[in-house]
Amino acid sequence: MKDENHFQDEVEAHRTYLLRYANLQLRNATVAEDAVQDTLVAALTGQQRFAGRSAVRTWLVGILKHKIVDAIRKQSREVAFANAPGDGDGGESDTLFKVDGHWQDVPADWGNPEQSFGRKEFYAVLEECLAKLPKRTRQVFMMREHLGTPTDEICKVLEITPTHCWVLLYRARMALRACLQQKWFDGAR
Amino acid sequence: MMSLRSCREVSALVSQGLDRELGFGERLALGLHLQICKGCRGFSRQMAFLRSALERLPEDDPQARAGAQST
């Protein structure tokens with residue numbers, strides 16, 4: 001079955017990319033490996049049909065996203081980390097604003113930041129900034145922005161309230177913009 | 001009279017606007033504030049940039065893609 005082998009090779013060729021994708025979310029090599037393995041099995045056994053409408057990689061990432069959410073749901077049940085260190089209700093935003101509610105440091109104009117997309121170093125800095133976020137904050141943010149999961153589904157999977165979810169997302173964004181400012185845009189690259 | 005929102009409140013609204021549909025009053029307050037506040041406009045653009053940056057992760061590995069295409 002030449003065609004089948006060909007398809008298998010093509011799917012396998014995306015393994016490294018899928019692993020990096022899963023690792024961004026799960027930050028656990030074993031769990032990420034399992035999610036990717038499940039994805040490839042589902043793809044190759046035809047549990048998920050490839051309709052040929054999209055690129056193979058896009059299709060695989062689509063399957064992987066579901067496997068990742070399953071893994072997060074499972075982790076969330078196993079570990080009650082509602083208040084993991086750093087995810088508490090620390091008033092960090094108090095340092096970002098003055099008493100009257102104005103910016104302590106007014107957000108800078110990043111000019112045409114999309115130019116950074118062409119720079120390999122930018123992605124390294126972005127991943128570095130993401131790695132610094134507290135665990136739960138990072139998880140909620142990555143589900144929202146990277147997997148594109150709707151907020152209500154994140155709430156269900158992680159068993160948190162929408163308000164809590166918005167607070168964590170807000171914190172993640174504030175921390176990331178500060179980190180990118182310092183580590184990327186201030187460097188006048 | 002509608003109360004003016006502080007930058008602190010507006011930054012939270014900008015963020016929530018990425019996650020839920022804002023109410024009419026919220027959108028109005030947000031729009032008014034952004035018109036007069038350069039800092040919050042910058043913040044709003046930064047948030048949009050952050051979203052598009054995350055969509056690009058992980059950075060495409062040119063080798064893997066070339067490998068996939070050559071098969």
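1. A friendly note to start with the surface: chain A exposes about 10000 Å², and carbon and sulfur atoms supply 49% of that area. Accessible areas here come from the Shrake-Rupley method with a 1.4 Å probe, and for residues only the protein chains shown count as cover. Please keep in mind that this is a predicted model, where local features need pLDDT of at least 70 and side-chain atom pairs count only at pLDDT 80 or more, while totals for chains, interfaces and linings use all residues. Residues are numbered from 1 along each chain as its sequence is written, chains are lettered from A in the order in which they are written, and side-chain values use heavy atoms, with hydrogens and water left out.

2. On the fold of chain A: there are eight helices and zero strands (DSSP runs, H or I of at least four residues for helices and E of at least two for strands, numbered from the N terminus). Of its 189 residues, 44% count as buried, that is, under 20% relative accessible area with a 1.4 Å probe, protein chains only; exposed means over 50%, and partly exposed lies in between. Among contacts in chain A with a separation of 6 or more, 69% come from residues 24 or more positions apart (contact means heavy atoms within 4.5 Å).

3. Now the interface. Chain A brings 47 residues to the contact and chain B brings 33 residues. Between them about 3700 Å² is buried, 64% of it from carbon and sulfur atoms; this is the accessible area (1.4 Å probe) that two parts lose on being put together, summed over both. Phe117(A), Trp166(A) and Arg173(A) supply 16% of the area that chain A buries against chain B, more than any other three residues.

4. Three salt bridges cross the interface of chain A and chain B (a side-chain nitrogen of Lys or Arg within 4 Å of a carboxyl oxygen of Asp or Glu). In one salt bridge, the side chains of Glu145(A) and Arg51(B) meet at 2.8 Å, N to O. On the side of chain A that touches chain B, H8(A) gives the largest share, nine residues.

5. Some backbone spots to look at. Arg27(A), in the loop between H2 and helix H3 (29-44) of chain A, has a positive phi near 50° and is partly exposed, at 39% relative accessibility. Glu159(A), in the loop between helix H7 (151-158) and H8 of chain A, has a positive phi near 55° and is exposed, at 62%. In chain B, the peptide bond from Leu57(B) to Pro58(B) is cis, with omega near -10°.
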